[in-house]
Amino acid sequence: MLTFIIYKSILVLIVFLISLGVAAYATYGERKVAAFMQDRIGPDRAGPFGIFQPLADGLKMFMKEEIIPTVSNKFLFILGPSLAMLTALMAGVVVPWGGKLAIGDHFYPLQITDINIGILYVFGVVSFGVYGIMIGGWASNNKYSLLGALRASSQMISYEIAMGLAIVALVMKTGTLSLGEMVAQQGTGGWWNIVYQPLGFLIFLICAFAETNRAPFDLPECETELVGGYHTEYSSMKLGFYLFAEYINIFISSAVISTLYFGGFNLPFQSHIPLDGNWLVIAQTAFFFGKVIFFIFFFMWVRWTIPRFRYDQLMNLGWKILIPLAIFNILATGVLMYALGKV
Amino acid sequence: MQLTNRKKVVVKKEMSLAEKLYLPAITNGMVITMKHFFKKGATVRYPEVKREISETYRGQHVLKRDEQGAERCTACGLCAVACPAEAITMEAAERKKGEETLYREEKYAAVYEINMLRCIFCGLCEEACPKEAIFLTDRIVPTDLKRDEFVYGKDKLVEDINHRIDLSGRQTKEVLEFKKDKTKAHNQTWADKQKLLKENKHH
């Protein structure tokens, strides 16, 4: 029992640190990717190729003056970024990061907990993230913040529906809500889920962009219209938490997309690869992180390609296109499964 | 008048299905950004690498000395009048006996200040100057943290007698040729004038 607790604690700590580390270097990656796509160089002063830039940025955030507006609700003002950070970090718990490591005659799965409603848990935690933004925007007592928060909440609520419906089709196909089981299905016999659910994947991907408030759906913070959106009044590390939470969300979203649609930690043509035991587990984990990093890059790639949606376009896309498409996807999946005799 | 043949008439029409889907357009856009991703950046890493600039670049000013090292400026104030940004101020003073090697003319600028934050580097001061005293150079005005530091006095403007600033690249062939003609008063230094005076007395 004690070893179980120690092993789980270590795993939690590792996932926590990796989430923070990846998020920190995602900020660096974002700046580099943006620079390369705009024919620039990007940060290159802090260390070789600027690799210490995230440390410098973090230090800067800590050193900045901390301002809490006198007209704000102080408790909620601090609660906002804390909630954003908390919910962002919570979703990593159910993601299967790798197979089972064998140490001695014990097996240690590289997934903190494989609850049987894993995907619902992720969904719940992610939708909880809107509270961080809402509370922060409300507590600031500023028109811009409030408008940004309103936009954020209506956007996230609208896109959650389409996202949920996209997952319903996936759940119909896999017959399970557990992430671990979904990965196992994609590993043993059968293609990755992207093959069975291309439309569902597209809807999920678009909604993931909206859920993480990334361009082209970065309306909540849109600098040009709302000064800074919900974090207008925030400074110092509280602002840092908001910005950081966004990158953690990207990381978790990428991990969830890889898990649900791209085979999780499974290697392509896994049965033909002459690896076994712990080496296979390590290769799988490395490959999983490769997928995750690709999706993080994809998020940035899209951001520096597409301009922001207008608010009415955003709502049109969410309600009039994505939701009907997702419902159609469910119907089509059902009909196909019935026709192929899978039910 | 048609200037190019790249004219494209805009027609308002219904979007086709592919256009309505947006996804092909987005894919195209992403291909373009990916192409740029692998392009060489246009950045010049400034303090280490300096961009090549023209010989006639209009950068930080210099107050020239003549061949003997006397300051050419006679504080006539034409540069200050010409200056559209009103960046130049000066105070004139009379040359005393024994200062002939320091100042070329009987009158000189005791104080000469250019506010580099006001200056627009148009070069009109250079054009207005009848004494070839002020020139813009290819040096870049360095940054500073205080506004006061940008008011450059004579200590920063007058060229160092041991480190002359070569301006021959800024001058046309005709000007360089003219400058060799020592019979023209414009090109005579104080020493030249003394020599001429002596010769005239002999005659």
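Start with chain B, whose radius of gyration is 27 Å, whereas a compact globule of 203 residues would have one near 17 Å. That radius is taken over C-alpha atoms, and the globule rule is 2.2 Å times the number of residues to the power 0.38. This is a predicted model, in which local features need pLDDT of at least 70 and side-chain atom pairs count only at pLDDT 80 or more, while totals for chains, interfaces and linings use all residues. Residues are numbered from 1 along each chain as its sequence is written, and chains are lettered from A and ligands numbered from 1 in the order in which they are written.

**Chain B as a whole.** Show the C-alpha atoms of chain B: along the principal axes they fill a box of roughly 100 × 45 × 30 Å. Switch to cartoon and you have seven helices and five strands (helices are DSSP runs of H or I with at least four residues, strands are runs of E with at least two, both numbered from the N terminus). Followed from the N terminus, the order in chain B is α-α-β-α-β-β-α-β-β-α-α-α. Of the 203 residues in chain B, 13% are buried. A residue is buried if 20 or more other C-beta atoms lie within 10 Å of its own, exposed if 12 or fewer, and partly exposed in between, with C-beta atoms placed from the backbone.

**Two loops in chain B.** Select B:Tyr22, in the loop between helix 1 (17–21) and helix 2 (23–37) of chain B. Phi of B:Tyr22 is positive, near 70°, although the residue is not glycine. B:Tyr22 has 14 C-beta neighbours inside 10 Å and so counts as partly exposed.

Next select B:Ala75, in the loop between strand 1 (61–63) and helix 3 (78–82) of chain B. B:Ala75 is another residue other than glycine with a positive phi, about 55°. Is B:Ala75 buried or exposed? B:Ala75 counts as buried, because it has 23 C-beta neighbours inside 10 Å.

**Across to chain A.** Now select the contact between the chains: nine residues come from chain A and ten residues from chain B (two residues are in contact if their C-beta atoms, placed from the backbone, lie within 7 Å). On the chain A side, six of the residues that touch chain B are nonpolar, one is polar and two are charged. Here Ala, Val, Leu, Ile, Met, Phe, Trp, Tyr, Cys and Pro count as nonpolar, Asp, Glu, Lys and Arg as charged, and the others, Gly among them, as polar.

**Chain A as a whole.** Chain A has twelve helices and two strands. Its radius of gyration is 21 Å, close to the 20 Å from the globule rule for 343 residues, so chain A is as compact as a globular protein of that length. Its C-alpha trace spans about 60 × 50 × 45 Å along the principal axes. Buried residues are 42% of the 343 in chain A.

Select strand 1 (residues 100–103) and strand 2 (residues 106–109) of chain A, which pair in the antiparallel sense over four bridges (strands pair if DSSP finds at least two bridges between them). A:Lys100 has A:Pro109 in strand 2 of chain A as its bridge partner. Two residues lie between the strands of this hairpin, and A:Gly104 takes a positive phi near 65°.

**Helix 6.** Finish at helix 6 (residues 179–187) of chain A, where A:Leu179, A:Gly180, A:Met182, A:Val183 and A:Gln186 are buried. Look down the axis of helix 6 of chain A: the buried residues fall within an arc of 165°, so they line one face of the helix. The arc is that of the directions from the helix axis to the C-beta atoms. The buried residues of helix 6 of chain A pack against helix 4 (118–139), helix 5 (143–174), helix 7 (193–196) and helix 10 (236–261) of chain A.
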